Amino acid sequence: MTQSQTDNSAILLENVTYRFSADAPVVLSVPAWEVQRREKIFLQGESGSGKSTLLALLAGLQTPGTGEVTVLGTALSALSARKRDRFRAQNLGVVFQQFNLIPYLSVLDNVLLAARFGETDAAASKQRAADLLQRVNLSSDLHQRKAAQLSIGQQQRVAIVRALINSPSLLLVDEPTSALDHANRDAFLTLLFDVLAERDCAMVFVSHDPAIGQYFDSKVRVSDINRAEGEG
Ligand code: ADP
Ligand code: MG
């Protein structure tokens, strides 16, 4: 693998396997997978097929048993746990299935909490957070509202803003639309692509729902890249 090859890819997996413990079955076995910089990928797979586990490996939240995960030209195995945390904060945006907002903090503070890791200029962070919130149609009267008092659709948009606040080069999104009806799901995806169009950001969006594939040029099935026997 030459340096220029890894530099051009947002994600490169080589001979990656993962199991949750020594006597547990292998849930992921990916001989090779590459995502280009700025590419937006829809990764579809049944429940239990390893989607969330794969995102955890890409985010450096889990470490593969064998093989190498290279993200934005950096081999994650070469980083200490602390440096991996820093790398994630500075380069990745992650939207988890449950959004993981802090319920007793305001909308703005939920976003600023993520901004602290990436930036030291508080006033600039605050301005960027407010701009981005506006950008996803969360008007300023909502910025001081506690996250616990938001609708699912509003929480989801705060989670996207939080993931984008440090201008990541890779966005990892885990089934954020599973609790939404079709109209809200479509509105959300349109908005997400709108916001991303202005950015140099790759995305891996995982879902069990094949209908979401219509929004993506690049579609991959988990079973196409994962050789492990799934339960799904
Ligand atoms: P998906 O996100 O596609 O639904 P997951 O990545 O959550 O799939 O799970 C993949 C497989 O790993 C499933 O068989 C699941 O039961 C198993 N698994 C997930 N999390 C754990 C865990 N913390 N400990 C043990 N097994 C797990
Ligand atoms: Mg999952």
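In this predicted model, ligand 1 is surrounded by 11 residues, and the closest are G48, G50, K51, S52 and T53. Start there. Helix α2, residues 51-58, gives the most to this shell, with 3 residues. By class, the shell around ligand 1 holds 6 polar, 3 charged and 2 nonpolar residues.

Now look at individual contacts. A backbone N or O atom of G48 sits 2.7 Å from an oxygen atom of ligand 1. How much of ligand 1 does the protein bury? Taken alone, ligand 1 exposes 560 Å², and the protein buries 60% of that.

Next, turn to the empty space. Rolling a probe the size of a water molecule over the atoms shows where such space is left. Across the whole structure, the search finds 1 cavity of 30 Å³ or more. The volume of this largest cavity is about 40 Å³.

Which residues line the largest cavity? They are V136, R157, I160, F188, L191, L192 and V195. Two helices, α6 (152-164) and α7 (182-197), each supply at least two residues of this lining. The largest share, 4 residues, comes from α7. The lining of the largest cavity divides into 6 nonpolar residues, 1 charged residue and no polar ones. R157 is part of that lining, and arginine counts as charged.

Note on methods
Residues are numbered from 1 along each chain as its sequence is written. Chains are lettered from A and ligands numbered from 1 in the order in which they are written. This is a predicted model: local features need pLDDT of at least 70, side-chain atom pairs count only at pLDDT 80 or more; totals for chains, interfaces and linings use all residues. Side-chain values use heavy atoms; hydrogens and water are left out. On a 1 Å grid over the protein atoms alone, a cavity is a set of points where a 1.4 Å probe fits but cannot get out, and a pocket is an open set with protein on both sides within 12 Å along at least five of seven lines; lining residues have an atom within 4 Å of a point. Grid points are joined across faces, edges and corners, and a volume is the space filled by probe spheres set on the points. A residue is near a molecule or strand if one of its heavy atoms lies within 4 Å of it. A polar contact is a pair of N or O atoms within 3.5 Å; within protein, one must be able to donate a hydrogen and the other to accept it, and residues adjacent in sequence count only if both atoms are side-chain atoms. Accessible areas come from the Shrake-Rupley method with a 1.4 Å probe; for residues, only the protein chains shown count as cover.
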